[in-house]
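Visitor: Could you take me through one part of this fold up close, the charged side chains and the strands that carry them? I'd like the cut-offs along the way.

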Amino acid sequence: QKVDLVTEECSPVISFGDAVFAGNPIFVPKPNATQEDGGYILSQLYRSDDHQSDIVILDAATMQQVARLRLQSHITYQFHGEWCPGVF
């Protein structure tokens, strides 16, 4: 979901299907972009029914799906960050 903090407008919530969980999104700007949302949003998707992962690419301005890439194996689903033993 895209939320405009100035106008308080919200886009519809995006669903990638039943039993599919999205990881933390990453914003990748388009070269020479002039708008704040001129770029792409990439996110890892975990498909729990078949224990596989995808990468989804969304247009940041429209929140429309540009591509969904099926990976050969799963990526471990994570909860808000990376955890390193012995750091804390």
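**A charged cluster and its strands**

Guide: Let's start with D54 and R47, which form a salt bridge whose closest N and O atoms are 2.2 Å apart. (A salt bridge here is a side-chain nitrogen of Lys or Arg within 4 Å of a carboxyl oxygen of Asp or Glu.) Keep in mind that this is a predicted model, where local features need pLDDT of at least 70 and side-chain atom pairs count only at pLDDT 80 or more, while totals for chains, interfaces and linings use all residues. Residues are numbered from 1 along each chain as its sequence is written, and side-chain values use heavy atoms, with hydrogens and water left out.

D54 and R47 are both buried, and D54 has a relative accessibility of 0%. (Buried means under 20% relative accessible area, exposed over 50%, and partly exposed in between, with a 1.4 Å probe and protein chains only.) D54 also forms a salt bridge with R68, the closest N and O atoms being 2.7 Å apart. That pair links distant parts of the chain, since R68 sits in strand β5 (residues 65-70) and D54 in strand β4, 14 residues apart. R68 is partly exposed, at 28% relative accessible area.

The structure holds 6 salt bridges. Another one sits between D59 and K30, with the closest N and O atoms 3.6 Å apart. D59 lies in β4 (residues 52-59) and K30 in the loop between β2 (26-29) and β3 (39-47), so this pair ties together parts that are 29 residues apart in sequence. D59 is buried at 16% relative accessible area, whereas K30 is partly exposed at 32%.

Now for the strands behind those charges. There are 5 strands and 0 helices in the protein. (Both are DSSP runs numbered from the N terminus: helices are H or I with at least four residues, strands E with at least two.) β3 is mostly covered, with 7 of its 9 residues buried. β3 and β4 pair in the antiparallel sense over 8 bridges, and strands count as paired if DSSP finds at least two bridges between them. One of the contacts brings D59 back into the story: D59 in β4 is the bridge partner of Y40. The hairpin of β3 and β4 has 4 residues between the strands, and H51 takes a positive phi near 55° there.

β2 runs antiparallel to β3 and is joined to it by 4 bridges, with F27 partnered by I41 in β3. β1 is also antiparallel to β3, joined by 3 bridges, and A22 has L45 in β3 as its bridge partner.

For a contrast, look at the surface, where D4, E8, E9 and E36 gather in a patch of negative charge. E8 belongs to the segment before β1 (20-22) and is exposed, at 65% relative accessible area. Patches are made of residues with over 30% relative accessible area and no salt bridge, like charges being joined within 9 Å and nonpolar side chains (Val, Leu, Ile, Met, Phe, Trp, Tyr) within 5 Å. Lys and Arg count as positive and Asp and Glu as negative, with His and the chain ends not counted.

Key: Areas by Shrake-Rupley, 256 points an atom, 1.4 Å probe, with all protein chains shown as cover. Charge placed at Lys NZ, Arg CZ, Asp CG, Glu CD.
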